[in-house]
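Hello,

Here is the structure I said I would pass on. My notes follow below it.

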Amino acid sequence: MSEKLPNALAYSHQLLKHIISRGNTVVDCTVGNGNDTLLLANLVGKTGSVYGFDIQQTAINHTHDRLKANGLNEENIHLFTASHSQLDHFLPKKSLISAAIFNLGYLPGGDKSIITHPESTIEAIKGCLNHLKQNGLVVIVIYYGHPGGQTEKNAILDFGKSLDQKKFAALTYQFINQKHEPPFVLVIQNIAPTVKNS
Ligand SMILES: C[S@@+](CC[C@H](N)C(=O)[O-])C[C@H]1O[C@@H](n2cnc3c(N)ncnc32)[C@H](O)[C@@H]1O
């Protein structure tokens, strides 16, 4: 390898690019400034669908504007001002997704007191796993340096460790010798055959 190992964010994008094809259905569970939404929209193309969630209306508005500015057809991109824990109400029944992405913590440049919380995050991860195709990925970038971040990190790792290894593969990607609690990735793959039809 002639390049540096990617940081957590870059690694999460590598995983998404690897698993997502044109026409797929995918979910952005923490839309924020829309960086991941934009990537997902480009990866699925006009024939795919993106479902995005954020509890902050400003984040959803900003991302709508950003998609438009990038010439992306919004008809196949569905953004909701709603908690990701509600995603099952918004995704078409029996739909299968090839990937979901989470960026936990607070919105950079926004209100730092609005953060993701373990209960709703785990509810949302479970919702994504229920819709995940065989070999599909739920990619979670875990920021934990802020107040409340450690608790969320520990709860999510405990959840990941509790998953049945016959159904899911769960792994972390983390630099263990860096200062200041850099983010790391938890990725969960559905390794069992799925029966839902998309
Ligand atoms: C780290 S930021 C996301 C950054 C984003 N992926 C980007 O590309 O800019 C975390 C986001 O999660 C949102 N959030 C917090 N709790 C949420 C919830 N229960 N459901 C959906 N979004 C939530 C926050 O409003 C914030 O915008």
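Fold and overall dimensions

The chain has six helices and seven strands. Please keep in mind that this is a predicted model. Read from the N terminus, the order of elements is α-β-α-β-α-β-α-β-α-β-α-β-β. The radius of gyration is 16 Å, close to the 16 Å that the globule rule gives for 198 residues, so the chain is as compact as a globular protein of that length. Its C-alpha trace spans about 45 × 40 × 40 Å along the principal axes.

Contacts, burial and surface

Taking contacts between residues at least 6 apart in sequence, 74% of them join residues at least 24 apart. As for burial, 49% of the 198 residues count as buried. The chain exposes about 10400 Å², and 50% of that area is supplied by carbon and sulfur atoms. On the charge side, there are 17 positive and 15 negative side chains. The centres of these two sets lie 7 Å apart.

One residue in detail

I also looked at His146, which sits in the loop between β5 (132-142) and α6 (149-162). Is His146 buried or exposed? Its relative accessibility is 11%, and the cut-off for buried is under 20%, so His146 counts as buried. Which residues is His146 in contact with, leaving aside its neighbours within four places in sequence? They are Gly105, Tyr106 and Ile115.

Regards

Note on methods: Residues numbered from 1 in each chain as written. Predicted model: local features only at pLDDT ≥ 70, side-chain atom pairs only at ≥ 80, totals over all residues. Heavy atoms only, no water. Helix = DSSP H or I, 4+ residues; strand = E, 2+ residues; numbered from the N terminus. Rg over C-alpha atoms; globule rule 2.2 N^0.38 Å. Buried < 20%, exposed > 50% of the residue type's maximum accessible area, 1.4 Å probe, protein only. Contact = heavy atoms within 4.5 Å. Areas by Shrake-Rupley, 256 points an atom, 1.4 Å probe, with all protein chains shown as cover. Lys, Arg positive; Asp, Glu negative; His and termini not counted. Charge placed at Lys NZ, Arg CZ, Asp CG, Glu CD.
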